[in-house]
Amino acid sequence: MTRHTPSLSAACLAASLLLTAVACGPKDDGSAGRPGGAKKSGVASGTVIGGTPKRGGTLTILSNQDFAHLDPARNWVMPAMDFGTRLLYRTLTTFQAKPGAAGDKIVPDLATDLGRATDGGRTWTFTLKSGLTYEDGSPIRAQDIKYNVERSFSPDLTGGPGYARQYLADTAGYNGPLDGKHLSSVVTPNDRTIVFHLKQPVAEFPYTVTLPTFAPVPVSKETGVRYDLRPFSSGPYKIQSYQRGKQMVLVRNTHWNPATDSVRKAYPDRIVVKMGLDGGQIDDRLIASSGADASAVEWADMSPASVAKVLPKSGLRARLLAEPTGCTDVLYLNTARGPFTDPKVRTAMQYAVDKSAQVTANGGPALNDVADRYLPPVLTAGTVAPVYDVPPTGDPALAKTLLAKAGKSSFSATLTVSTGDKNRAEAIQASLAKVGVKVQITTVDASVFYDTIGDTAHAPDMTIGGWCPDYPSASTFLPFIFDGRTIVAKGNQGNYSQFRDPSVEHRMDQISTMANADEAAVAWKSLDATIMHESPAVPLLWPRKPLLVGTNIAGAYGHSAWTGQFDFAAIGLKDPSKSQG
């Protein structure tokens, strides 16, 4: 999934396929290497802040932005995906509501079990639980899940996960159900049974159906692109009101049956999302924690400028979460046009970027590690040798030499970032200026950032973004950011480098069919190194997710499946009577 981008203030499985190395080029990948993973930050990690919540009250979420998408066919950005699948809609399976490694375990959600595989893993059958209803009391049917899967193919409903298109058989030329056409590879023999026919074996398909693509949408509630504004609830809450850019209010869905849901605790009576606030202002309000803010949490990461206010004070530090995100932040280089069509120029960027400046701009070493690979440590068992022998501060002299050899001693390039990443963009600008690259920065509001850079015809030369595994498998990482077959003209997701290499794509297909998970893990590591040699992007950081809570918050922990974001299935209040709003 795409990592959430800040606005205003600032998600198991990759060794080297050797290419010819030159003295200044990439290292051969051996068994030795420096460890990856995030450093100890001295703040809460793998623990629960505030103990067990009590039922009732109003939970307030302070946000600096609106939702990019809440339509389950389009929701693929954190933390909106966490919010949607924990509060508004349910999926066939889901992750346990537990902190730490226990949260990586999947359990049945709408389904009675984790699915039954036949035909060597090419066919998966799920049976729905009985007694499942929507917010109006009408029954949830298997046909509704099929319909939402079909909706994910619609060219008008862009931005969502691409797994249905990637895995399902017989989807060529399919453009969704709005013209009355339906997929033959998804079958619903009755209201409680859904069968998926895949083009190849997928052993991890029970993980795939945790994604919002596999949530139900009844045909009768279809509103096209406007479904974003009012998804029909199958979860514990429903939308009472929504003013774009201002506020959303959730109230209890009285037709949600907790007897069918072992995951969502639904502690608060109401959840109020207040939008359009300044990131620094949000931090200050939570630091003060007065009135309704005592019962509040923040939507986006704590701003880097607030780190110095919080870390030195034990009382504040006890209210700060900083879970490893499991994501990799990268500088995407547009390989489709402009200066970065030349792999020699792209390789020079590996040496030109000062990653230590990125650490500083993103909150410091307590909240970030320098990344030297695309795959995050959670998918590589932590320790892997770097591909390029370059210090965290970069090597401008070598970068200038490589650019001169490529005939690009100086050039201009555009860089588009989310508003909250402006400091990071300026750090990139300063790094590249040292090697003769003049960078023009454009900032875009976070709510439209991915739609903006996903317009391939008008994409910038560079952008800062991040990718997180949807579940613990590198199959949810490398193919989505470097498989050229996933590129679409509008709503392009993941492959912002517009990188195309048929040999890489062929190897991805081979690895995806491997039945042995250990062999696949080694193969993904090797492919990671192979792609690094082509440099379609520069890995920047492996960040933690700093989130501050008010003094009346309970049940708060960062969930590993949600990139360290709060698990909205379990959060609530210590004393509901003290909440306001």
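Student: Which residues are buried in H2?

Tutor: In H2, they are Ala142, Asp144, Ile145, Lys146, Tyr147, Asn148, Val149, Glu150 and Arg151. Buried means under 20% relative accessible area, with exposed over 50% and partly exposed in between (1.4 Å probe, protein chains only). This is a predicted model: local features need pLDDT of at least 70, side-chain atom pairs count only at pLDDT 80 or more, and totals for chains, interfaces and linings use all residues. Residues are numbered from 1 along each chain as its sequence is written, and side-chain values use heavy atoms, leaving out hydrogens and water.

Student: Why is H2 called a helix, and what makes it mostly covered?

Tutor: Helices (H or I, at least four residues) and strands (E, at least two) are DSSP runs, numbered from the N terminus. H2 spans residues 142–151, and nine of its ten residues are buried. Those buried residues pack against helix H3 (163–167), strand S6 (186–190) and strand S7 (193–197).

Student: What makes S1 largely enclosed?

Tutor: Five of the five residues of S1 are buried, so the rest of the structure largely encloses this strand. Thr58, Thr60 and Leu62 point one way, Leu59 and Ile61 the other.

Student: How do you know that S1 pairs with S10 and with S11?

Tutor: Two strands pair if DSSP finds at least two bridges between them. S1 (residues 58–62) and S10 (residues 270–274) have five bridges, in the parallel sense. S1 and S11 have three, also parallel. Both counts meet the cut-off of at least two. Leu59 stands opposite Ile271 in S10. Ile61 stands opposite Val297 in S11.

Student: Why are S8 and S11 called edge strands?

Tutor: The open sheet has five strands in the order S8-S9-S10-S1-S11, with mixed pairing. S8 (237–243) and S11 (296–298) each have a single partner strand, so one side of each is left without a neighbour in the sheet.

Student: What makes the 103 residues a nonpolar core?

Tutor: A nonpolar core is a set of buried Ala, Val, Leu, Ile, Met, Phe, Trp, Tyr and Cys residues joined through side-chain atoms within 4.5 Å. The largest such set has 103 residues. Leu92, Phe196, Phe205, Leu331 and Met349 have the most contacts inside it. Helix H15 (residues 517–534) gives the largest share, seven residues. Another core, of 32 residues, lies apart from it and includes Leu70 and Ile571.

Student: Which residues does Leu92 touch?

Tutor: Contact means heavy atoms within 4.5 Å. Not counting residues up to four places away in sequence, Leu92 touches residues including Phe126, Ile145, Phe196 and Phe214. Ile145 is also one of the buried residues of H2.
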